[in-house]
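Thanks for coming. I have one structure to go through today, so please have a look at the screen while I talk.

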Amino acid sequence: MTVSYTLEVASVRFAGFSRLLFRWKGSIYKLLYKEFLAFCGVYLFFSLFYRFLLSPRQQDVFEWFSLYCDQFTNSNFIPVLFVLGFYVTLAFNRWWGQYTSFPLPDNLMMVVSGNVHGADDRGRLLRRTLMRYANLSSVLILRSISTRVRKRFPTLDHIVDAGFMTTHELKNFESLHSDFNKYWMPLTWFSNLAARAREEGRVRDDIALRLLMDELNNYRAKCSLLFHYDWISIPLVYTQVVTIAVYSYFAFCVISRQFLNPEKGYKDHKVDFYVPIFTLLQFFFYTGWLKVGELIINPFGEDDDDFETNQLIDRNIQVSMLAVDDMYQNLAPIVKDKHWTQKGFSVPYTLSTAAETLRPAFKGSTYDMRTSVEDLELHQLAGTPANKQYLSLQGSVGDGLHGLLQKGNGILCEGSLPSLMDILPCTNDQEEADEGDTDATHHKNQEKTLIKVEVEQVY
């Protein structure tokens with residue numbers, strides 16, 4: 001069963017994740033405790049062996065070998081972090097891809113409900129059979145890749161007993177010989193039955209039939225993708241390399257991380273602690289990381305965090321039949337809504353959420369950006385004669401200036417935006433032109449409108 005803790009981390013709080021550390025189901029402790037106890041036992045064995053069973057000369061040899069191994073375990077000689085991090089990232093991407101490839105009938109059932117018409121028994125039969133075929137295909141593919149579904153439907157007879165397939169359909173299914181997985185057969189039945197519904201007029205036009213086939217192909221593609229995820233795994237050699245790197249590293253740590261006799265003056269062996277606390281933490285992190293990769297590489301097993309395939313099958317068949325049968329043309333009377341006569345209405349808030357109404361609506365990161373008058377001047381290409389023009393301020397700044405103009409000496413929110421004092425329009429001093437005259441001074445004397453804006457900082 002998938003372990004969900006989303007509600008507990010809905011809001012950030014002090015030691016929020018720390019509350020999750022005391023869970024057992026789906027935890028790293030449940031995955032790792034056997035390996036952790038085995039490592040502790042082996043370390044304890046070599047510690048007792050070194051301290052009480054070896055002669056002084058044998059202890060010297062053991063200490064020499066421990067120091068030799070320590071040179072490699074305390075360096076990057078074995079690239080555990082690199083190979084392990086890349087492997088777990090690859091496994092996670094694969095896990096997420098399998099999750100997004102799960103065939104859900106929601107889109108397909110909406111298309112069937114809206115385009116296969118008829119409230120009589122024939123119409124009901126067509127819609128229910130179409131969705132049963134779609135769900136049967138997903139059951140067949142999940143039965144091929146999920147141990148939970150395989151245990152639930154060990155034979156095709158169990159699928160017949162569950163109502164996903166009739167006895168006649170089972171005979172047709174078994175009569176078609178193929179060396180490959182036949183999960184696609186119910187989808188072929190779906191397409192043939194949809195074509196028959198078009199001939200009968202239950203599907204009213206070719207566009208609706210095309211929509212049915214497009215959704216069917218999307219559904220089939222997800223079933224096929226799940227099958228190929230199960231078929232093509234992460235290369236075995238990479239899994240072997242990661243496993244050997246992690247276990248060999250800690251196999252040498254059992255020797256190299258022993259506390260040696262501090263009286264002999266070995267480097268970094270000044271104190272005898274008996275329990276290698278940081279080595280145990282390192283084992284917990286690295287081996288736990290490997291266990292995470294082992295857990296998510298195939299989410300169709302029976303681990304605590306594996307996908308709930310049987311529950312998804314139950315959900316899919318139930319909502320499919322509800323959508324195409326019980327809810328077909330089952331509409332409430334169409335009436336005017338509560339806000340029919342209102343304009344600019346607002347939806348009420350509860351007391352616990354009323355504070356959200358005080359927050360201004362987000363309109364864009366540059367909506368409230370201040371713009372000076374000089375920035376509004378249009379830029380003309382060099383050598384192109386043109387009048388200087390000023391664009392009106394847009395957005396909240398422009399709206400604020402317009403509001404201040406209407407209110408006289410109004411003040412904008414927080415006193416941080418400029419207030420408009422006066423607008424002085426200037427007309428042409430002269431309006432005489434000759435089309436052939438291209439002198440620059442002539443264009444400077446053409447009609448132009450200058451807006452003089454004085455900005456008063458409101459304190």
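Tyr274 sits in the loop that links α11 and α12. Its phi is near 75 degrees, a positive value in a residue other than glycine. Most residues other than glycine have a negative phi. Tyr274 is also exposed, at a relative accessible area of 52%. Keep in mind that this is a predicted model.

Which other residue belongs to the loop between α11 and α12? Asp268 does; the helices on either side are α11, residues 236-256, and α12, residues 277-296. Asp268 is not a glycine, and yet its phi is positive, at about 65 degrees. With a relative accessible area of 65%, Asp268 counts as exposed, because the cut-off for that class is over 50%.

Now the chain as a whole. The protein chain has 15 helices and zero strands. It has 459 residues, and 34% of them count as buried. Taking the contacts with a separation of 6 or more, 69% are between residues 24 or more positions apart.

Next, helix packing. Two packed helices are described by the angle between their axes and the distance between the axes.

Helix α5 covers residues 121-145 and helix α9 residues 185-199. Their axes are 8 Å apart, at an angle of about 160 degrees. Angles over 145 degrees count as roughly antiparallel, so α5 is roughly antiparallel to α9. The two helices make a left-handed crossing. On the α5 side, the residues that meet α9 are Arg122, Leu126, Thr129, Leu130, Tyr133, Ala134, Leu136, Ser137 and Leu140. On the α9 side they are Pro186, Leu187, Trp189, Phe190, Leu193, Ala194, Arg196 and Ala197. By class, the contact of α5 with α9 has 13 nonpolar residues, two polar and two charged.

Then α5 with α10. What is the angle between α5 and α10? It is about 5 degrees, and the axes are 10 Å apart. At that angle α5 is therefore roughly parallel to α10. From α5, the contact takes in Ala134, Asn135, Ser137, Ser138, Ile141, Leu142, Ser144 and Ile145. From α10, it takes in Tyr219, Cys223, Leu226, Phe227 and Asp230. The residues of this contact divide into eight nonpolar, four polar and one charged. Ala134 and Ser137 of α5 are listed in the contact with α9 and again in the contact with α10.

Helix α3 runs over residues 80-100 and helix α10 over residues 206-231. They pack at about 150 degrees, with 9 Å between their axes. That angle is why α3 and α10 count as roughly antiparallel to each other. The crossing of α3 past α10 is left-handed. Arg94, Gly97, Gln98 and Thr100 of α3 make the contact with Lys222, Leu226, Tyr229 and Asp230 of α10. Here the division is two nonpolar, three polar and three charged. Leu226 and Asp230 of α10 take part in this contact and also in the one with α5.

Is Phe153 buried or exposed? Phe153 counts as buried, at 3% relative accessibility, because the limit for buried is under 20%. Phe153 is placed in the loop between α6, residues 147-152, and α7, residues 156-161. Leaving out residues up to four places away in sequence, Phe153 touches Val139, Arg143, His158, Ile159, Ala162, Phe164 and Ile313. Between the C-alpha atoms of Phe153 and Leu140, which are 13 residues apart along the chain, the separation is 9.3 Å.

The other one is Gln311, which lies in helix α13, residues 309-326. Gln311 is exposed, with a relative accessible area of 52%. Which residue is 162 residues from Gln311 along the chain, with the C-alpha atoms separated by 9.8 Å? That is Val149.

That is what I have; questions are welcome.

Methods
Residues are numbered from 1 along each chain as its sequence is written. This is a predicted model: local features need pLDDT of at least 70, side-chain atom pairs count only at pLDDT 80 or more; totals for chains, interfaces and linings use all residues. Side-chain values use heavy atoms; hydrogens and water are left out. Helices (H or I, at least four residues) and strands (E, at least two) are DSSP runs, numbered from the N terminus. Buried means under 20% relative accessible area, exposed over 50%, partly exposed in between (1.4 Å probe, protein chains only). Contact means heavy atoms within 4.5 Å. Axes are lines fitted to C-alpha atoms, for helices over the stretch in contact, and angles run from 0 to 180 degrees between N-to-C directions. Angles under 35 degrees count as roughly parallel, over 145 as roughly antiparallel, 65 to 115 as roughly perpendicular and the rest as oblique. A crossing is left-handed if the near helix is turned anticlockwise from the far one by less than a right angle, and right-handed if clockwise. Ala, Val, Leu, Ile, Met, Phe, Trp, Tyr, Cys and Pro count as nonpolar, Asp, Glu, Lys and Arg as charged, and the others, Gly among them, as polar.
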